[in-house]
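Thanks, everyone. Let me put the next model on the screen, and then I'll walk you through it.

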Amino acid sequence: MELALEEARAAGDRGEVPIGAVVVLDGTVIARSGNRTRELNDITAHAEVAAIRMACEALGQERLTGADLYVTLEPCTMCAAAISFARIRRLYYGAEDPKGGAVDSGVRFYAQPTCHHAPEVYSGMSEMEAAEILRGFFQGKRD
Ligand SMILES: [Zn+2]
């Protein structure tokens, strides 16, 4: 989660919304990314999707069965779905996102009968720090 926080800070420094994600398989970091939507002009380049793409490319496979994903904020609907489709084993996330989250908030994607693979979910990891990075970023935007 420390690496995910690092990616979040780096994303913020690039002017992206500061969210970071890391994919780990068998104790090895396979991919790490922050939000890249502005850099790539790609609204789907959320940290989770970017990290999943990188991990799949690195492994040369379309799924990440057995891999774990760490992300600083509760994933949105799109990312929750991507995490499910990628067959991620465990999802660890930092801060809750009652406005845009889709795991324990909103549509609760993994609890839906249309969801065919649900990762084990662990929330609240480095929650304060993850929330503080986001708060600082948006505060800076308003100042
Ligand atoms: Zn997302």
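Start with a quick one: is Y122 buried, partly exposed or exposed? Y122 is partly exposed, because its relative accessible area is 34%. Keep in mind that this is a predicted model.

Now, what does Y122 pair with? The count of aromatic pairs here comes to four. One of them joins Y92 and Y122. Their rings are stacked, with 5.0 Å from centre to centre and 20° between the planes. This pair ties together distant parts of the chain. Y92 sits in strand β4, residues 90–95. Y122 sits in strand β5, residues 120–122. Y92 counts as buried, since its relative accessible area is 13% and the cut-off is under 20%. Y122, at 34%, falls in the partly exposed class.

Y70 joins Y92 and Y122 in a cluster linked by ring pairs.

Next pair: F109 and Y110. Their ring centres are 5.8 Å apart, and the planes stand at 85°. So this pair is edge-to-face, because plane angles over 60 degrees fall in that class. Both partners are on the buried side. F109 has a relative accessible area of 16%, so it counts as buried. Y110 is buried too, at 13%.

On to the metal. The zinc ion is coordinated by H46 through ND1, and by C76 and C79 through SG. The distances run from 2.0 to 2.4 Å. Along the chain, the donors follow the spacing H-x29-C-x2-C. How accessible are the cysteines? C76 counts as buried, with 19% relative accessibility, because the limit is under 20%. C79 is buried as well, with a relative accessible area of 1%.

Take α3, residues 47–59, and α4, residues 77–85. Their axes come within 9 Å and cross at roughly 25°. That angle makes α3 roughly parallel to α4, because angles under 35 degrees count that way. The crossing of α3 and α4 is left-handed. Which residues make the contact? From α3, they are E48, V49 and I52. From α4, they are M78, C79, A82 and I83. Note C79 in that list: C79 is also a zinc ligand, through SG.

To recap. Zinc is held by H46, C76 and C79. Helices α3 and α4 cross at roughly 25°. Y70, Y92 and Y122 form the ring cluster. Over to you for questions.

Technical notes:
Residues numbered from 1 in each chain as written. Predicted model: local features only at pLDDT ≥ 70, side-chain atom pairs only at ≥ 80, totals over all residues. Heavy atoms only, no water. Donors = N, O, S within 2.8 Å, 3.2 Å for Na, K, Ca; no water. Buried < 20%, exposed > 50% of the residue type's maximum accessible area, 1.4 Å probe, protein only. Phe/Tyr/Trp six-rings, centres within 6.5 Å; stacked < 30°, edge-to-face > 60°. Helix = DSSP H or I, 4+ residues; strand = E, 2+ residues; numbered from the N terminus. Axes fitted to C-alpha atoms, helices over the stretch in contact; angles between N-to-C directions. Parallel < 35°, antiparallel > 145°, perpendicular 65-115°, else oblique. Left-handed = near helix turned anticlockwise from the far one by under 90°. Contact = heavy atoms within 4.5 Å.
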